[in-house]
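Dear colleague,

Please find the structure below.

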Amino acid sequence: MSSNYQLKRVDFIFKDEKDWKEILKNNINRPPQELINELISSELKGRGGAGFPTGLKWKLTAEVDDMTKYVICNADEGEPGTFKDREILSKVPFKVLTSMAVCGHVIGSKEGYIYLRGEYFFLQPELNKAICEFEQYCQEINFDFRIRIFMGSGAYICGEETALFESMEGKRGEPRNKPPFPSNFGYMGKPTVINNVETLAHTYTIFEFGAKRFYDLGVQYSRGSKLFSVSGDTPKPGIYELELGMSLEDFVDEFGDGDTKAVQVGGASGFLVPRKRFGETTIGFQGKLTGISLPTGGSMMLFNSSRSMYNVLDNYLEFFREESCGQCTPCRVGCQQLLNGIKAVKRGEKNALYLDKLLRLTETMQYTAKCGLGQSVANSFSSIVENFREEMIY
Amino acid sequence: MINLTINNKVLQVEEGTTIFEAAKQNNILIPHFCYMENVHQIGSCRICVVEVEGGKTLMASCVTPATEGMIVHTNSERVRQVRKVIFELMLSDHPKECLSCWRNQNCELQELGNLIQLHEFRYEGAKSKDIIDSSSPSIIRDSSKCILCRRCVTVCNEIQGVGLMNPHHRGFSTFIGPSEDELLGESVCTNCGQCVLVCPVGALKEKDSTATVWEALYDKTKTVVVQTAPAVRAALGEIFLYEPGTLVTGKMAAALHQLGFNYVFDTNFAADLTIMEEGSEFLERVRNAFTSTDKKAVLPMITSCSPGWIKFMEHRFPDQLAHLSSCKSPHMMLGALTKSYFAEKMNIDPAKLFVVSVMPCTAKKFEITRPEMFKDGLADVDAVITTRELGRMIKDAGIDFRNLPDGKFDSPLGLSTGAADIFGTTGGVMEAALRTVYELVTGREMPGKKLHIQPLTGLNRIKTAALKIENPLPEFAFLNGVTVKVAVTSGLRGAAELLDEIKSGTSPYHFIEIMGCPGGCISGGGQPRPVNDEIRTQRLEAIYREDEGKMVRKSHENEDIMLLYRDFLGVPLGHKSHELLHTVYTQRSKN
Amino acid sequence: MYPVSELIRNLADQHGRNRHNLLPILQGVVEQEKYLSEYSMIEIARELDLPASEVYGTATFYSFLEYKKMGKYIIRVCKTITCSMKGKNQVVKAIEDMLKISVGETTPDGNFSLLQTNCLGLCHKAPAMLINFDVYTDLTPEKVREILTNYINKKGKGE
Amino acid sequence: MAKKIKITINELTVEVEPGTSILEAARETGVIIPTLCYHKDLCVAGNCRVCVVEIVGQKRLSAACATPCDEGMDILTNSFKVRNSRKHIIELLLSEHNADCTRCYKNGNCELQKLASDYKIMTQDFIRLVPLKNYTIDQFSPSIIKDDSKCIRCQRCVRTCEELQGVNALTVAYKGDRMKIATFFEKPMNDVICTNCGQCINHCPTGALVEKNYIEEVWDAIADKNCHVIVQTAPAVRVGLGEELGYEYGSRVTGKMVAALKRLGFDAVMDTDFTADLTILEEGTELLTRLKRALVNHDPDVKLPMATSCSPGWIKYIEHMYPEYLDHLSTCKSPQQMFGALAKTYYARARNLDPEKIVSVSIMPCTAKKFESNRPEMHDSGYRDVDYVLTTRELAIMIKQAGIDFMKLGDMPFDRLMGESTGAGVIFGATGGVMEAALRTAYELVTGRNVPFENLNIMPVRGMEGVKEASIRIENPLEQWAFLDGVELKCAVAHGLINAKKVMDSILSGKSQYHFIEFMACPGGCLGGGGQPIPTSPEIRRKRAEAIYAEDLGMPLRKSHQNPEIVKIYADFLEKPMSEKSHHLLHTKYSPRERF
Amino acid sequence: MITTDEVCNVQTMTEEEKYNLLKTVILDYERKESNLIQILHMAQAIFGFLPVEVQHFIANQMELSVSKINSVLTFYSFFSTQPKGKYTVSICLGTACYVRGGKEVLNKLRSVLGIDVGATTDDKVFSLSIMRCIGACGLAPAMTINKKVYKQVNPNKIPLILGMLK
């Protein structure tokens, strides 16, 4: 075993120990600064993908002086291979709602929104019911906070926070220029906290058990546990809560079917890790972990040796080509060029050196694209092409 | 005088004027490709056709002389239709990839498209040519873009007398270039680049070195030194829409600094040095000729600053190479000094030095590849970029050239005199040399208004002058009463004439200056387009203006030169000079 | 069922007439009509006092807001990687064969439209599809035929 | 003022105001950063990404146009990374672009072409995407051609249409690789709310949006020996044309323009300024009539404020957006159409020509005029009043095609009969000009005195502010205008349709009470028209406006009613303003259009 | 002055003798550029074709650039820069021959000889060329081998005809 951290199953999120009402009541009576400090000390980082420290996010927004602020729960989970948010919202919706309300208390907001992706329309009735119950209780305890669901309509890019705001404002979901950042200028131009569903669920855990219990899990720079959506060539697909810092080798031992050739970590915009690097790969946020460490939305997709990595890449690129918002050049044209490019190489119309040109192109996309989508196309492209070059060539 | 009517306007022109010229004199513009000023016209492109009343067919205005009473329409319905069709036909055999063409926005075919406004496209022909010859270190020939206007043929044959560019085969398979099996890099091409200068499209271009230079600039381990030739400062401004003949010396130095060059030196410094070396060499030869009986002294001596000319000489007159001065060209001298004198002085490893020359010349790109120009495996000059390439780099870097404050050259290789400035124009080297030689011989300043030798200035092809020496200093007593005869030519056709004289033993001259390009470096193959006699004159005047504005106008009075001899070189023609500043020539095959 | 213009007015009353209410209104129309016709887009623009072109621009951005006429049941088969690995193509083929349409088409009787869509977030139960907003997972060609038969029968019963 | 912040650009330290973008800071310091989607008139989009720069310490590059300067920022605009990325982006744009420059209308004045040329993109490694897509060219509109194959999706047209003009005919549709600029339901431009103002053309960096040109038709007419081709030139053309032919922005080239037109072979070169003067008399009379009916007769049907009707873009806009307000428009045709109607009647009679043989061409700074001349109402002479409308740009092309060395031309005067004009006619080309010209005449007609402004320059209506207001109090009028004594005449001037919308909305809400409003569709008025030379910017428009006012100041006559040819036409032909004949020839009516 | 007929015994000459003869020819024509075409004719008569070396030789002798020589000779179809085979097979592609199947014959020739138009087989036996109407339309399609005319050829006859020559 190359890693000191064995694979460790954790069960915070889906276990309901205490009543959410109690948690809510307790926490909205604590001073905001205390809550922020607790969050900061837990070192919880955003579970959507970018990994921004949650406590800091709340703090920045709390510091802005404005009458109107918003709390938004980002449930536009579009990353291929990810389905943890759906699971949370359908099983423990109150945890998310409670965290949103606490956040509202911390930053001084009275309105929360859940941006639910259009594909999860079927969750809406249950979720609405939960919201009703929740708001009723809020009224009971005289806490002024309301939550609404905002339905998306099928656009992966709306998971990008500024695109999500645009979408909520009734426009095309095109990402904005940053700066300004949401903490100053978010939904309707107001200071906004926007958190991923899972982040809010972890927040609940922290408020429930205290920061220490969370902090004690995981490794430096990657604290706590995380939900992983396991799919692909695995005998046991599904959602698992695991401690961060595990080695990919341990993970594959547990979930693989013995023939795993590569694992795509973090969905289409994540990285592909080939078998030879399982041992040196540690799953966590960027930091000083040994080997490569990966930003991750928690999607783990396993591929057997029978799978053609060309097909995988082709599928990803087609996904990006369609789901790019199309406004900035590197992403719009770049995705088309990458897709057409690997096709041309596969068909033998371009020689293998063209792949190097495409790799340089992904570098440019990473540097210059307007938002995370275009920037992260490079991840899967370069990791697949570099590791499975021979499969790309005619 | 002849009376004719063009576009309902009655005009009077001299007899023998073509319709094209008549129109031009009267501010009526006719589009043209193959037409070239001052050269016999061939009328091959047909884009300049006009309608002459009473004529059945349309006439090519560039070859049809105006006749008495002629009534011409340059823009009638028929002309417009025909012109359109000709243009379409030209395009049908052209790649039409403007946006990835290096001549984009400086292409006459593209401009014509702007004028003609085609909307539909009727002919999409087969493409006849696809040769890209990049064998030469100076020039790339991309025949797919060639529109067969034959300007390069004219310039290579009529003006330069090299005769390399010619049409081959006929009909649709016609192509222009050296013969089929010949590569530019292995031919008699002198790399003068005059063909590049006249090409209306992107078929002939200089080999781009900007990428190499950028690479060096981004390389943190390298000290990058740049030098600029005298003619560059008189033309660079044109790329940034200044009037031709605007001097942009200060802005150029500032831009080079902004581009990230560590040191900006001036080739002019080495021009002054050349005068010292070449002048001494000349006096040495003259002394031998007049005082010793052995006939080793070869006269006339011919200047060796122009690499195009050198290569021409090596091919055409391999037996006469002894006439060439053994001096390297100024930019090679500066390169050699940078990697020795300067490196020593600044304590830099010469291998970490990267020397870039900005030249008005494409032949210099070839010159730095000559094996003689390496010392201990290190090239004296690492890269040559033309004036056009420098313009491109400045644009590329987003430098607002027109609003730059003036900058300065760096020492110790940046100071120069007026004598060096005029190296950029035909007659300049001779004049600069005589200023110094005369004074060395007689102790007096050279006679001539404002230190100029009037017969040697201007754009005439062959210019001659004679200078009688009286009362020389005692050591030059043998020259008393001698009339020194000199000749100057630019353009290789004139050079061939002078050399034929030498070959047949009838040459009366002692000293000859030859520059490869018509007008000298000011209209070198690497200068901004377009170039015509008007622009040449404007640039030439700018060069003289720069000279006259200098406090010091004689090379031997350059303080840094004196310092260089004192600290490093010793004396002109000394041991170190020979090692660093002089070279040898190679006999080459005639074809 | 309301006529479209009335529906739009009701939706606008319900959600509001601001720019940020556009999406719920578009969704409301699509829910009933299955697609956004030129007419309904104009009506929405009029109701919200928006330029029609902006309504169009917004609608075309989202893949669930169809602007071409769609069938009563819209079948969306996930085509993203896991579903694709686990036999999406056979599923699509089965549907095509059964309904005699190909992807992007609507049956002549206007009952079914077949589309492919990007990740539905059901990767652990791949392949997956939606029929309107009902979820079907772990599909096989046999299972799909069964599901569709149910729909066809439902329709036959006059539902 | 807030404290300045210190930044470093290419190792040069500068101080800038807080909030300055990197791009602006760089331009101030003489560093050029290439741009495509950025335009001074418009809000920042940051979507083309060619302006990316490196901020030392950051892995990713930032778009210079959209990133504000921050204290201590160390910016490199030309580092290795930047150059490589920028070249890549340009290459990407080219791969998506129909690069057939030699046949493109914008050849030579294309920002993408220039960018490709500056960066010398010499490779075409990327797969050409244009042939893979099914592009169609929309050329149904009489004014505008839209060619998606040349579109680089910078969205400048969309922002122009929305922010400057408030028309929203163009929008962004679809996403990803299918993303494109489209109209509602991708209908032809002619079938949507498009006002044909052509501002999108002026702001398009490439050849994706160009005017429909009628150059060939005009050449054909000139070549036709049977045709008598006459041409009129709008006031704003003379201050724009020079820019296309090598002059500085805002150079006045009136005399050379006339000389060039004669050289092109037009049989008569006359001036739209003449009918501008005529418009003033007709419109001024109409205004006074309306005022009289309102103030003396207390006629409830009288519609005030009266709005000018010279700008066809504005006319189409109000027809679409405020059809119930059409009665507020002056019934006067635009000067171009007045000229056209007179050319085939008055001029034909005076020159003894068969009107059928007359081809009437107008040179306009405007693309909407192409649409206007096409309107079915515009046949009052019994023929099509104006046959062809050319923009300033098209005229420049014709001059180049004819091989005329414009800079070396001598000045020539307009031909007589309809070529005389006053300074009042000239300023029609600038925003506020119609108002100023009208006031000069109306005030004098009413009071017998000059307008109470120094040098006749009514400064409050000049300038580039979006909405301008002015009022003149009338005192001691002549006897027949006694009812106007003490009346404060309230005027407003709006240019750019977004400002027109503001004024209309404030009228609709009852907030504003005006008597007379001048509307021009384009920012800055006709001098910033959709047919004027490209590029355009606030700076350039200001220079053109200065030129217009200089031209006005230099005219011997500066009030419309003094124009001797105007006096003559009323004496010989029209009798008096608002006469039966002028009603027939010079006035028109409007038709409501669908907004959606 | 040396005439074409005088060089008929070139077969027996060594390369050096050939070049000497060519030099004499050039001197005969006073090295004038205006006589270039005559000189090229003679050179072709001496060498059978005009290889690059011969072009260089002429260029040096006449003080012209080799490019110029090449420029002129490639203009005329009579000059060849490639060695001609022992037999030159020419097929007429004038209108009559073309419509009667000249094209098919040409294709057959191409495949049988394994060379394209203008080329010569490796064994230097056959060269293939095309002609534009030789005035034998009545015999269409017509083919010539050196100076002998073959009438009404068809693709099937080709192997036979060529075989007889070999």
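The notes that follow describe two interfaces.

This is a predicted model, in which local features need pLDDT of at least 70 and side-chain atom pairs count only at pLDDT 80 or more, while totals for chains, interfaces and linings use all residues. Residues are numbered from 1 along each chain as its sequence is written, chains are lettered from A and ligands numbered from 1 in the order in which they are written, and side-chain values use heavy atoms, with hydrogens and water left out.

Chain D and chain B

The contact (heavy atoms within 4.5 Å) takes 46 residues from chain D and 44 residues from chain B. The buried area (accessible area, 1.4 Å probe, that two parts lose on being put together, summed over both) is about 4,100 Å², and carbon and sulfur atoms give 49% of this. On the side of chain D, D:T102, D:R103 and D:Q401 lose the most area to chain B, together 17% of what that side buries. There are 4 salt bridges (a side-chain nitrogen of Lys or Arg within 4 Å of a carboxyl oxygen of Asp or Glu) between chain D and chain B. D:E216 and B:K84 form a salt bridge through their side chains, at 3.3 Å, N to O.

Domains of chain B

An automatic or database domain assignment divides chain B into domain 1 (2-92) and domain 2 (98-206). Their centres, taken over C-alpha atoms, are 24 Å apart. In chain B, 20 residues of domain 1 are in contact with 27 residues of domain 2. Between these domains about 1,900 Å² is buried, 74% of it from carbon and sulfur atoms, and the count of salt bridges is 0.
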